[in-house]
Amino acid sequence: MSEARSGNEELTIEVVCRHLPGIRFDDSHNPAGVVYEPVHLGIQKGNEVTGAVPGNRKTVIFRPAFKIGKQPDGSPNFLGPFAKGKPSERFFYLSWGVVDNAGHFAMFRRAKIHLNHLSWEPIRDAISSNRPIRVIIDMTDKKGGPLCASVRRDRADWQI
């Protein structure tokens, strides 16, 4: 496969989330002094957050699958319910929230994991060998809270 043609090729990304910050988060940046508990981490699929697990786990693995198409400039285009953003700036979200007794997830932060640095070579290799591309992300920020905002290649260990 020299490059994906129709968006029918599928790539799985194995997202290894480690060093989660815990089940309680005291948001000192919030003027109201909000405390979030029990904190959970999930992945956004469409408009829903799925696979939410408690924030006190040592490691959590998500495996989103993306259809791979081709952008007009020839670069890869990540498609499907996990893909967010403009084609030239694709990413997916890892979302932090609180899960209530009825199991409802209420998001309070999320991390944007960028994909546009992935080129055709590792994508072709992963698809042809039927293995995922792996990324390892430390999910606690420098202040001990849930990692949020943009997570670019320099803040994640992409194993391609």
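Trainee: Why does arginine 109 count as buried?

Mentor: Its relative accessibility is 16%, and buried means under 20%, with exposed over 50% and partly exposed in between (1.4 Å probe, protein chains only). Arginine 109 therefore counts as buried. This is a predicted model in which local features need pLDDT of at least 70, side-chain atom pairs count only at pLDDT 80 or more, and totals for chains, interfaces and linings use all residues. Residues are numbered from 1 along each chain as its sequence is written, and side-chain values use heavy atoms, leaving out hydrogens and water.

Trainee: Which residues is arginine 109 in contact with, leaving aside neighbours within four places in sequence?

Mentor: Contact means heavy atoms within 4.5 Å. The residues are Phe25, Asp27, Ser95, Trp96, Asp141, Pro146 and Cys148. The side chain of arginine 109 also reaches the backbone oxygen of proline 146 at 3.5 Å.

Trainee: Where is arginine 109 placed?

Mentor: In strand β10, residues 105–114. Strands here are DSSP runs of E with at least two residues, numbered from the N terminus.

Trainee: What makes β10 and β12 a pair?

Mentor: Two strands pair if DSSP finds at least two bridges between them. β10 and β12 are joined by 3 bridges and run parallel. For alanine 111, the bridge partner in β12 is alanine 149.

Trainee: What is the strand order of the open sheet?

Mentor: The order of its 5 strands is β5-β4-β9-β10-β12, with mixed pairing. β5 (48–54) and β12 (149–151) are the edge strands, since each pairs on one side only.

Conventions
Helix = DSSP H or I, 4+ residues; strand = E, 2+ residues; numbered from the N terminus. Polar contact = N/O pair within 3.5 Å; in protein donor to acceptor, adjacent residues only side chain to side chain.
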